[in-house]
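Reader: I'm new to this one. Can you walk me through it?

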Amino acid sequence: MAKISDLSDELLVKILSFLPTKVAVSTSVLSKQWMFIWMWLPKLEFGFSRRSKYACLRDFIDKNLPLHKAPIIESLYLDSFFGSLQPEDMKSWVGIAVSRYVRELSIDYSSLYDRSVALLPCSLYRCKSLVTLKLIGEKILVDVPPTVCLPSLKTLRLDYVTYSKDESLRLLLSYCPVLEDLFIDSDYYPKLVNIPENVSCSLYSWKSLVTLKLQGEKILVNVPPTVCLPSLKTLQLLCVTYLNEESLGLLLSCCALLEDLSIERDCNDNVKALVVVVPSLQRLTLTIEQGCSADGYVIVTPSLKYFYLVDKRSESSCLIEHMHMPELEEADISLMEDIEKDIEMLFKSITTVKRLSLNMSFNGGKETVHRDGIVFSQLEDLKLYIRSDNWSKLLVHLLKHSPNLQILNLLLDDLFNGGYRNYEPVGWSNNQSSVPECFLNSLETFKFNGYNSREAEDRDFLSFIFKHARCLKSTSIVHV
């Protein structure tokens with residue numbers, strides 16, 4: 001049997017590359033052969049989480065990074081918690097990494113106490129080998145020189161950073177000709193971030209861009225008439241500000257290959273109606289917080305496979321104006337208000353789903369049902385959250401119109417306090433003649449997380465399903 005000491009240095013470096021840098025460095029004490037093996041590692045990661053250990057780690061990096069033997073540094077990650085990393089050290093180490101043709105650079109630098117900012121070396125903005133650049137933290141100062149040139153950069157992430165001047169971001173983006181993935185987040189420290197209001201018109205005509213994430217109300221989505229994003233497949237617009245009502249629609253209309261769209265709206269959202277018309281879209285995530293406009297939304301996505309909706313608004317107005325999702329396979333729906341017209345429109349739009357998760361709050365004493373003509377003929381997996389006493393009224397109709405259901409999962413929602421009592425419970429013991437078709441032919445798995453034996457309705461339903469579910473193979477009951 002071969003000993004590990006018989007392995008070549010090249011293979012040992014390969015093995016160490018799968019370990020955290022700290023662990024890899026510790027192997028240097030094993031023997032003379034292992035003393036300098038770690039210095040050939042192409043990926044380095046250093047974390048400064050404690051000020052007490054800063055000096056020791058700083059001296060170690062200062063001594064060894066300039067002598068690092070790897071001809072190319074594949075990646076360098078510097079993480080400083082509470083600002084324990086000093087700006088001058090960061091600048092020096094990044095400069096060394098650039099001289100070693102670094103391909104991926106990630107810096108996470110935040111501080112709640114230290115007011116100093118970290119200025120990165122000018123050579124970083126002229127690094128021809130750099131493919132990925134991630135800068136995270138309000139203490140990182142992005143000061144882009146006029147000679148910026150990043151010909152290989154494909155992924156750029158700028159989270160909560162501070163810009164030295166309004167032109168910094170525009171200048172940086174202008175010289176990344178092959179950029180594919182762009183993430184800009186100004187949401188976490190809005191008072192400290194100096195992000196320009198208009199994120200450059202050139203951004204909306206980037207032919208190579210595949211992924212775009214914009215987050216934070218400091219970002220103004222100002223879409224020019226010349227917008228053209230022919231390669232864009234993933235778009236995230238999270239709590240941004242729009243120039244006008246047409247900005248979102250204009251942007252979406254010029255993304256011919258868009259497959260994944262995420263939109264999050266908060267109380268500062270300045271768009272009244274949400275209109276999503278994207279023929280190529282396959283995944284749609286909508287999160288609408290309290291305080292947003294009570295106007296409805298229109299969704300026309302004929303290729304959509306997955307739909308996620310969280311609407312926390314409680315205004316009694318029409319939310320859903322029109323939905324068209326004929327190819328939908330999975331839906332995860334959470335609504336704060338049970339507006340009957342919306343529920344009917346929603347159910348009509350998602351009848352093709354195979355997997356469905358519903359989390360809806362119902363008004364006490366009000367029956368939320370859907371018409372008998374709405375059938376979920378392909379539904380196999382149903383997850384229903386219990387948020388009000390009359391949850392069973394909806395369940396009756398879902399079971400009745402889901403003939404091929406295989407998995408039924410009931411979960412007691414954390415928000416449910418059992419406060420509604422002004423309703424007539426479903427009499428499961430009196431429904432012997434109306435056993436759902438899925439109970440007789442297809443239901444194999446039943447889960448009930450939140451069963452309360454003190455509730456007669458819970459007990460009756462459990463007896464009903466055990467008596468009539470002929471194909472049941474797996475059951476899980478969690479009592480509260």
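Author: The structure holds 1 cavity of 30 Å³ or more. On a 1 Å grid over the protein atoms alone, a cavity is a set of points where a 1.4 Å probe fits but cannot get out. This is a predicted model: local features need pLDDT of at least 70, side-chain atom pairs count only at pLDDT 80 or more, and totals for chains, interfaces and linings use all residues. Residues are numbered from 1 along each chain as its sequence is written, and side-chain values use heavy atoms, with hydrogens and water left out.

Reader: How much space lies in the largest cavity?

Author: About 40 Å³. A volume is the space filled by probe spheres set on the points, with grid points joined across faces, edges and corners.

Reader: Which residues line the largest cavity?

Author: Trp 38, Leu 44, Phe 46, Phe 60, Ile 61, Asn 64, Leu 65 and His 68. Lining residues have an atom within 4 Å of a point. Helix H3 (54-64) and strand E1 (43-48) each supply at least two residues of that lining. The largest share, 3 residues, comes from H3. Helices (H or I, at least four residues) and strands (E, at least two) are DSSP runs, numbered from the N terminus.

Reader: How many of the lining residues are nonpolar, polar or charged?

Author: The lining of the largest cavity has 6 nonpolar, 2 polar and no charged residues. Ala, Val, Leu, Ile, Met, Phe, Trp, Tyr, Cys and Pro count as nonpolar, Asp, Glu, Lys and Arg as charged, and the others, Gly among them, as polar.

Reader: Change of topic. Is strand E18 enclosed or open?

Author: Strand E18 (residues 306-311) is largely enclosed by the rest of the structure, because 5 of its 6 residues are buried. Buried means under 20% relative accessible area, exposed over 50%, partly exposed in between (1.4 Å probe, protein chains only).

Reader: Which strands run parallel to E18?

Author: Strand E16 (residues 283-288) is joined to E18 by 6 bridges, and Thr 285 stands opposite Tyr 308 in E18. Strand E20 (residues 330-335) is also joined to E18 by 6 bridges. There, Leu 309 stands opposite Ile 333 in E20. Two strands pair if DSSP finds at least two bridges between them.

Reader: What about helix H10? Which of its residues are buried?

Author: Glu 457, Asp 458, Phe 461, Leu 462, Phe 464, Ile 465 and His 468. They cover an arc of only 160° around the axis, which puts them on the same side of H10. The arc is that of the directions from the helix axis to the C-beta atoms.

Reader: Last one. What order has the open sheet of 3 strands?

Author: The order is E4-E6-E8, with parallel pairing. The edge strands, E4 (118-119) and E8 (162-163), each pair on one side only. Ala 118 stands opposite Ile 140 in E6.

Key
On a 1 Å grid over the protein atoms alone, a cavity is a set of points where a 1.4 Å probe fits but cannot get out, and a pocket is an open set with protein on both sides within 12 Å along at least five of seven lines; lining residues have an atom within 4 Å of a point.
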